[in-house]
Amino acid sequence: MSLLHHAVRQDPFAELSRFRGEFYSCLTRRADALFELGDAVLCADGPVRSLVELSLVGEHRRGHGGLYDALAAGRVDVARLRRALAAVPLPRAADNQLVLAADITCWLRPDAHTSPQRILCHTYGRGKDQHIPVPGWPYSVICALETGRSSWTAPLDALRLAPGDDAATVTAGQMRELVERLIAAGQWRDGDPEILIVVDAGYDVPRLAFLLKDLPVQVLGRMRSDRVLRRAAPPRTPGTRGRPPRHGGEFVFGDPATWDTPDAATVTETRLYGTATARAWDRLHPRLTHRFAWTAQLGALPVIEGTVIRLQVDHLPSGATPKPVWLWWSGTDATETDIDLLWQAFLRRFDIEHTFRLFKQTLGWTCPKIRTPEAADRWSWLILAVFTQLRLARPLAADLRRPWEKPSPPDRLTPARVRRDFRHLRPNAACPAEAPKPSRPGPGRPPGRKNTRATPRHDVHTVRKTDTAKPRQRKSTTPRPRRTG
């Protein structure tokens with residue numbers, strides 16, 4: 001799929017300064033310290049390893065005590081910052097379509113016993129198909145996809161999952177609020193193509209489409225290869241008695257005998273995957289039951305029809321054996337052009353992994369040992385604002401490459417290379433933070449006195465199954481007669 005980068009406004013410095021001023025207005029407490037902390041992340045030499053090292057960066061004019069105090073006691077107007085992120089220029093497809101990708105990434109905190117609201121996060125181990133649950137804070141992040149094969153995305157929203165939250169329900173509510181903000185910001189107008197939402201197999205795609213059916217969106221996601229869907233109900237024969245059927249024959253992903261002739265098929269030659277063959281079947285839906293997420297649904301469950309796409313490639317760049325990919329799209333009556341655009345848009349979804357890697361390995365999102373989840377949310381929004389400034393500075397940055405690195409065209413600079421030149425761009429952009437006032441540090445705890453207030457410890461939230469076994473019978477309390485003789 002050809003994605004075109006939506007050009008920033010005529011003066012990139014003015015757009016960067018406007019966002020920096022709006023970001024500063026979103027900081028309602030400890031604003032100067034939080035703003036300079038973000039500049040320290042942007043101007044630091046090399047990856048961020050710890051918070052205390054950021055206090056030594058020249059752009060951070062305060063001590064390390066003010067830095068930690070800003071994260072612990074600062075305040076961010078999240079609603080206003082979300083509106084500011086939705087108002088910046090966003091990447092679009094060739095037909096002016098917005099493509100949004102949602103995924104969950106985890107901030108692992110296995111040893112933080114004093115941090116509340118931790119959840120067991122599924123991570124991949126070194127073994128084959130090995131899942132290891134590690135305590136941490138999961139975050140649902142939504143990004144707008146960038147041009148083609150790129151490490152750039154446009155993060156628009158982040159939400160930490162609380163214990164007991166359902167990922168599909170939370171993501172649906174998060175996506176609904178984001179789409180409404182995009183419409184209010186003028187990013188989508190009547191007559192524009194519907195917004196395409198791309199997710200992976202961890203989401204219940206039909207349920208996500210059902211929860212967002214009243215919005216101008218389309219949902220595309222991957223399904224597991226062991227799923228079984230149903231065809232549309234056959235027409236009812238006149239004179240037949242009884243209740244009409246709601247479902248047709250089965251469509252088993254693992255049984256080719258149930259597929260029949262596809263409604264559309266395409267063959268595309270690619271550079272990385274060889275020949276890519278895509279086949280599509282129209283109007284397939286899952287057979288829902290009153291379980292799991294549909295327990296509270298009253299009455300008859302809906303029939304959510306969509307298009308199933310099976311993608312098969314010749315080889316993978318890693319050399320592994322390629323397996324077929326099954327996709328489900330909330331639209332119907334797809335043409336061959338739609339099929340090609342859809343499976344290529346799904347491949348672009350994996351660009352969000354580059355953003356997560358940059359957050360964690362370069363910007364130091366998961367490096368601080370923050371105790372409270374509120375401070376973690378504050379730091380997470382700071383990282384999103386930092387990355388947005390990098391994206392706005394993209395057309396202004398020069399290629400400050402290492403002697404052993406290959407030169408890159410100006411429009412192909414990675415976020416890490418743009419960050420190298422941000423220190424030179426910062427003097428030309430707005431810097432609303434004021435210089436610190438001369439002061440003396442507080443007395444702190446008197447020498448020799450220990451901390452008498454122990455920090456409470458919190459258990460990791462786990463989902464417990466309801467015990468449906470029959471209760472054991474109590475033993476009789478009547479004393480047995482003592483044996484004599």
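1. Start with Phe-13. Phe-13 sits in helix H1, residues 12-25, where helices are DSSP runs of H or I with at least four residues, strands are E runs of at least two, and both are numbered from the N terminus. Along the chain Phe-13 and Leu-396 are 383 residues apart, yet their C-alpha atoms are 7.9 Å apart in space. Phe-13 counts as partly exposed because its relative accessible area is 23%; buried means under 20%, exposed over 50%, and partly exposed in between, with a 1.4 Å probe and protein chains only.

2. A word on what you're looking at. This is a predicted model, so local features need pLDDT of at least 70 and side-chain atom pairs count only at pLDDT 80 or more, while totals for chains, interfaces and linings use all residues. Residues are numbered from 1 along each chain as its sequence is written, and side-chain values use heavy atoms, with hydrogens and water left out.

3. The overall picture: the protein chain has 12 helices and 16 strands. Its C-alpha atoms fill a box of roughly 100 × 90 × 45 Å along the principal axes. Of the 485 residues in the protein chain, 45% are buried. Take the contacts with a separation of 6 or more: 68% of them join residues 24 or more positions apart.

4. Now the cores. A nonpolar core here is a set of buried Ala, Val, Leu, Ile, Met, Phe, Trp, Tyr and Cys residues joined through side-chain atoms within 4.5 Å. The largest one has 102 residues, and Leu-54, Leu-100, Met-175 and Trp-379 have the most contacts inside it. H10 gives the most to this core, with 12 residues. Apart from it lies another core, of 21 residues, including Val-198, Ala-276, Ile-309 and Leu-327.

5. Leu-54 deserves a look of its own. Not counting residues up to four places away in sequence, Leu-54 touches Leu-37, Ala-40, Val-41, Ala-44, Val-48, His-60, Leu-67 and Trp-379.

6. What about H10 itself? The helix has 20 residues and reaches 29 Å from first C-alpha to last, close to the 28 Å expected at 1.5 Å a residue; the expected span is 1.5 Å times one less than the number of residues. H10 is mostly covered, with 18 of its 20 residues buried.

7. Which helix gives the most to the lining of the largest cavity? H10 again, with 3 residues. A cavity is a set of points on a 1 Å grid over the protein atoms alone where a 1.4 Å probe fits but cannot get out, and lining residues have an atom within 4 Å of a point. Thr-105, Tyr-139, Val-141, Ala-158, Phe-359, Trp-365, Ser-380, Ile-383 and Leu-384 form the lining. Strand S7 (131-145) and helix H10 (373-392) each supply at least two of the lining residues. By class the lining has 7 nonpolar, 2 polar and no charged residues, where Ala, Val, Leu, Ile, Met, Phe, Trp, Tyr, Cys and Pro count as nonpolar, Asp, Glu, Lys and Arg as charged, and the others, Gly among them, as polar.

8. H2 (residues 31-43) has 13 residues and spans 18 Å between its end C-alpha atoms, close to the 18 Å expected, and 13 of its 13 residues are buried. H8 (residues 336-348) also has 13 residues and reaches 19 Å, close to the 18 Å expected. In H8 the buried residues are Ile-339, Leu-342, Trp-343, Ala-345, Phe-346 and Arg-348.

9. Backbone check: Arg-30 has a positive phi of about 55 degrees although it is not a glycine. Arg-30 is in the loop between strand S2 (27-29) and H2, and is partly exposed at 36% relative accessibility. Gln-117, also not a glycine, has a positive phi near 60 degrees. Gln-117 lies in the loop between strand S5 (99-108) and strand S6 (119-124), partly exposed with a relative accessible area of 33%.

10. Finally, Leu-316, in the loop between strand S15 (306-313) and strand S16 (325-329). Leu-316 is partly exposed, at 27% relative accessible area. Beyond its neighbours within four places in sequence, Leu-316 is in contact with Leu-272, Tyr-273, Thr-321 and Pro-322.

Terms used. Contact = heavy atoms within 4.5 Å. 1 Å grid on protein atoms, 1.4 Å probe; cavity = no way out; pocket = protein on both sides within 12 Å on 5 of 7 lines; lining within 4 Å.
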